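Here's a quick briefing on a few parts of this fold. Have a look at the model first, then read on.

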Amino acid sequence: MKHQILTLAFFLTSFFFLGITMTTFAQQNDSTTIKITLPEAKDTENAEVNLIYNHPVFYELVKKFQFTPIENNKFEYILKFAISKPQEYHISANSEWDFSLLIFPNDEIEIVLYKGNEAKFVKGKTVKENQSTYDWKKEILYRNEDFVTFEWQEAIQKMDSLTNAYLSNYEKVFEGSKPNPIFDTYFRTELKLTHIYIYNQYPFSRNRYLGEKSYDKNIYKEYRKSIPTLETDLNADYPYTNSYLNYISYNSLGEECVYEEGSSRTEFIKCQYEGLQKLTSKNKELQKTLSFTSANNTIQSIKMAGVIGIDAKEEKKLAAFLDTFLEELNKKYPNTEEVIFLEKQIKLLRKIATGSNAPAFSLKNKDGKTVSLSDLKGKYILIDFWATWCQPCIREIPFSKELEEEFSDDVTFVYVCMASKEDKWKEMVAEKGLKGLQLFTEGEQEKQMADDYQVSFFPTYILLDREGKIITKNIRPSNNGREVLKEIIEAEK
């Protein structure tokens with residue numbers, strides 16, 4: 001869930017791309033071997049070590065390969081699998097190590113893991129390249145919060161200095177030699193992408209640091225002008241990543257397709273899709289991938305209705321467009337895993353369409369008693385899906401309390417805590433004096449709730465009528481909560 005929440009922040013990023021070709025790799029399907037050595041310790045015996053591939057568009061389309069222990073050794077693991085072209089994967093080991101690497105066909109890779117989430121690449125076609133990538137990715141995102149204590153001029157200098165240092169270290173590694181050209185492009189683009197991501201995050205992180213309620217209050221025009229811009233080559237091949245595809249979707253068309261507050265999200269995505277199809281007419285692989293990116297943007301827009309201000313009328317337009325979109329994609333790319341996944345997502349979205357019966361649930365409250373949705377009919381129901389670690393959720397608490405005081409006669413306020421530890425949940429409920437109906441879910445029950453209500457980010461809000469039918473997802477306590485509730489209640493009188 002966290003990963004999916006963080007992915008949305010990349011929509012505003014820019015990206016740089018150098019032209020290379022991977023035609024020779026696309027024709028191969030050779031076996032690649034990866035050997036992992038864990039530190040010899042009691043807590044690493046019989047560890048679970050996995051190789052994970054997330055589809056660059058549909059992040060939920062996960063391919064997971066489990067390493068097997070090498071005979072007579074409790075700390076060495078091996079995996080053999082087929083790969084047809086360079087792709088970004090993730091290694092997950094013993095819940096302590098989690099990092100990405102770019103893997104090539106027909107390679108033999110060896111990695112030694114050390115305590116403290118450290119890793120050493122010791123064998124493979126791109127040992128130096130993967131090590132350099134590991135070194136900066138392990139640190140740079142965590143350095144994001146270091147910049148918030150500085151005014152924007154000084155923060156820019158520090159952000160630029162940090163990125164330049166990583167790039168300089170990488171280039172020193174290859175003094176007197178040349179890196180793999182595909183990996184070189186991957187390294188430089190991913191580093192630059194992260195650089196721009198940190199630029200884009202700074203104003204929001206700075207406001208949180210200063211304790212401001214409004215994200216936009218202290219965003220400086222001069223600062224925005226300083227955010228780096230990058231060029232792209234849409235006819236070149238690349239080991240496509242989620243962040244790269246999102247950049248293309250939101251930055252390649254310039255002023256031709258711009259989404260502004262109050263405009264039609266459906267028309268924007270249509271414009272985006274048609275424009276990208278023209279731009280990538282010579283790159284069929286990218287064209288196909290971006291088709292599903294546009295479809296996924298439609299899905300996420302419906303899921304995020306309450307965040308981006310989509311009303312019920314626009315939501316219906318998006319849903320109709322998505323159905324038509326699926327028909328077109330099914331004809332162009334029949335029986336692909338993307339089409340099959342898209343069909344499943346649309347079915348799930350229909351379950352929470354405006355006017356539909358809200359999916360039933362039975363969850364425990366803070367006293368351990370089970371509460372069902374059917375028990376709550378008679379009042380309007382505002383469901384808040386949140387997590388204890390979610391700062392935007394916590395910032396909504398004072399506004400939710402205000403709504404409870406004003407509308408408690410007509411509205412039942414239901415708070416469903418997810419992706420959290422139960423003891424932390426109970427502690428926060430008591431510490432912050434949270435009222436309303438506090439419910440908790442975990443494990444398979446949590447997964448079912450996330451699927452049924454299409455919760456992919458926090459906080460998510462859904463308003464139900466007195467019969468348990470969905471009214472809208474376009475409601476947020478700090479934004480339009482009072483207006484929406486007042487309007488529907490007064491309309492009954």
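Two strands pair if DSSP finds at least two bridges between them. Helices (H or I, at least four residues) and strands (E, at least two) are DSSP runs, numbered from the N terminus. What you have here is a predicted model, where local features need pLDDT of at least 70, side-chain atom pairs count only at pLDDT 80 or more, and totals for chains, interfaces and linings use all residues. Residues are numbered from 1 along each chain as its sequence is written, and side-chain values use heavy atoms, with hydrogens and water left out.

**The open sheet**

- Four strands make up an open sheet, ordered β3-β2-β6-β7, and their pairing is antiparallel.
- At the edges sit β3 (62–66) and β7 (97–103), each of which pairs on one side only.
- On average, neighbouring strands of this sheet are turned by 25° against each other, direction ignored; the axes behind that angle are lines fitted to C-alpha atoms (for helices over the stretch in contact), and angles run from 0 to 180 degrees between N-to-C directions.
- β2 (residues 49–54) is joined to β3 by five bridges, and the two run antiparallel.
- To find your place in that pairing, look for L51, which stands opposite F65 in β3.

**Two asparagines with positive phi**

- N94 is in the loop between β6 (87–93) and β7, and has a positive phi of about 55° although it isn't a glycine.
- N94 has a relative accessible area of 23% and is partly exposed; the scale here is buried under 20% relative accessible area, exposed over 50%, partly exposed in between (1.4 Å probe, protein chains only).
- N106 is in the loop between β7 and β8 (108–114); this non-glycine residue also has a positive phi of about 55°.
- N106 counts as partly exposed too, at 45% relative accessibility.

- Which residues of α4 are buried? They are W152, A155, I156, M159, L162, T163, Y166 and Y170.
- As background, an α-helix has 3.6 residues a turn, so residues three or four places apart point the same way.
- Over on the other side of α4, Q157 and K172 are exposed.
- The buried residues of α4 pack against α3 (127–140), α5 (181–210) and α6 (221–226), with contact meaning heavy atoms within 4.5 Å.
- S132 is part of helix α3 and is buried, with a relative accessible area of 10%.
- Leaving out residues up to four places away in sequence, S132 touches Y170, V173 and F187.

- β13, helix α14 (residues 422–431) and β14 form a right-handed β-α-β unit; right-handed means that, with the strands pointing away from the viewer, the path from the first strand over the helix to the second runs clockwise.
- β13 (residues 411–417) pairs with β14 in the parallel sense over four bridges, and the bridge partner of C417 in β14 is F440.
- β10 (residues 362–365) pairs with β14 in the antiparallel sense, over two bridges, with K364 standing opposite F440.
- In β14 (residues 437–440), L437 and L439 point one way and Q438 and F440 the other way, and all are buried.
- The buried residues of α14 are W425, M428 and V429.
- Seen down the axis of α14, these buried residues fall within an arc of 100°, so they line one face of the helix.
- Covering the buried residues of α14 are elements including β10, β12 (380–386), α13 (391–407), β13 and β14.
- The face of α14 turned away from its buried side carries exposed D423, A430 and E431.
- Just after α14, G433 takes a positive phi of about 60°.

**A cis peptide bond**

- F458 and P459 are joined by a cis peptide bond, with omega about -10°.
- P459 is in the loop between α15 (443–453) and β15 (460–464).

Key
Arc of directions from axis to C-beta.
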